[in-house]
Amino acid sequence: GEMLAVSSQGDLFTIDPESTYSDSAIKSSNIEEDLLFDQLIPFSEDFVVAVGPAGRPDILAVDLANKTTEKLTMQSPADQTACQPVRVGNDLVVASRQGHVLRINPKTGRAVGAPFLPPVTPGQTTDWKGPAVLSETEFVIPNSRGVLYQLSTENPRNLQKVSSLDIEVPVHSSCVALGPDLKSTRLNSSHANISYAVFCLK
């Protein structure tokens with residue numbers, strides 16, 4: 001089979017599986033920026049999105065059928081990502097350092113519907129950690145203060161809160177869904193080492 005690779009400049013290369021070598025880009029981009037894409041998110045057999053680490057506003061739409069790439073820049077508030085985006089249904093879910101959680105169309109880079117914004121007191125910020133996908137329409141996302149939100153994308157007009165859980169300990173990592181359980185890491189309040197916490201959703 002054919003292997004494809006994407007460079008940090010958005011160039012697409014065909015890789016020979018036998019030699020793992022490619023001498024030229026199939027589709028050279030006009031991107032002349034310092035980009036960083038370190039995760040591929042598949043949406044279909046012919047379409048994937050490359051995203052970078054927290055803080056990066058750029059996504060790369062990769063059309064495998066036509067062997068083309070397009071760099072998209074998410075607009076405020078999605079341009080200041082708090083953690084790596086995830087796929088939920090047909091959208092990217094992006095948590096912003098400004099406190100919003102948004103749905104982004106992966107083919108345009110534009111927001112879909114209204115974002116979710118948790119209640120905050122004046123001067124308080126929301127430091128989101130990585131979400132865990134529960135289904136094609138639901139995901140959970142924790143913040144560093146120890147509140148876990150379950151959100152739904154079923155309403156096309158806005159992200160809706162299904163439930164929330166105060167887990168009473170600061171969260172310091174992304175969540176991972178393992179069946180009905182969620183796992184994350186928390187900082188032990190009396191020791192400066194990491195221990196594990198499991199959160200169960202009924």
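What share of the 202 residues of the protein chain counts as buried? The figure is 39%, where buried means under 20% relative accessible area, exposed means over 50%, and partly exposed lies in between, with a 1.4 Å probe and protein chains only.

Before I continue, two remarks on conventions. This is a predicted model, in which local features need pLDDT of at least 70 and side-chain atom pairs count only at pLDDT 80 or more, while totals for chains, interfaces and linings use all residues. Residues are numbered from 1 along each chain as its sequence is written, and side-chain values use heavy atoms, with hydrogens and water left out.

I begin with confidence and overall content. The chain averages a pLDDT of 80, and 78% of the residues score at least 70; pLDDT is the predictor's confidence in each residue, from 0 to 100. Over residues 185-202 the pLDDT stays under 50, and the model has 42 contacts beyond four places in sequence for that stretch. A contact here means heavy atoms within 4.5 Å. Where pLDDT is low, the predicted coordinates should not be read in detail.

The secondary structure comes to 0 helices and 18 strands. Helices (H or I, at least four residues) and strands (E, at least two) are DSSP runs, numbered from the N terminus. Of the contacts with a separation of 6 or more, 36% are between residues 24 or more positions apart. The chain exposes about 10800 Å², of which carbon and sulfur atoms supply 48%; accessible areas come from the Shrake-Rupley method with a 1.4 Å probe, and for residues only the protein chains shown count as cover.

Val-86 has Val-93 in S9 as its bridge partner. The two strands form a hairpin with 2 residues between them, and Gly-89 in the turn has a positive phi of about 65°. S9 also pairs with S10 (residues 101-104), again in the antiparallel sense, over 4 bridges. There, Leu-92 stands opposite Ile-104. This second hairpin has 5 residues between its strands, with Gly-99 in the turn at a positive phi of about 105°.

In a regular strand the side chains alternate between the two faces of the sheet. In S9, Asp-91, Val-93 and Ala-95 point one way, Leu-92 and Val-94 point the other way, and all are buried.

Which residue does the side chain of Glu-136 meet in a polar contact? The partner is the side chain of Arg-87, at 3.5 Å. A polar contact is a pair of N or O atoms within 3.5 Å; within protein, one must be able to donate a hydrogen and the other to accept it, and residues adjacent in sequence count only if both atoms are side-chain atoms. Arg-87 sits in S8 and its side chain also reaches the backbone oxygen of Gly-89 at 3.1 Å. Because its relative accessible area is 25%, Arg-87 is partly exposed. Glu-136 lies in the loop between S12 (132-133) and S13 (138-142), and it counts as partly exposed because its relative accessibility is 47%. Glu-136 also touches Val-88, Gly-89 and Thr-153, among others. Thr-153 is 17 residues away in sequence, with a C-alpha to C-alpha distance of 8.4 Å.

S14 (residues 147-152) is joined to S15 by 6 bridges, and Leu-151 has Lys-161 as its bridge partner.

Tyr-149 touches, among others, Phe-116, Trp-128, Phe-139 and Lys-161.

Terms used: Pairing = 2+ DSSP bridges.
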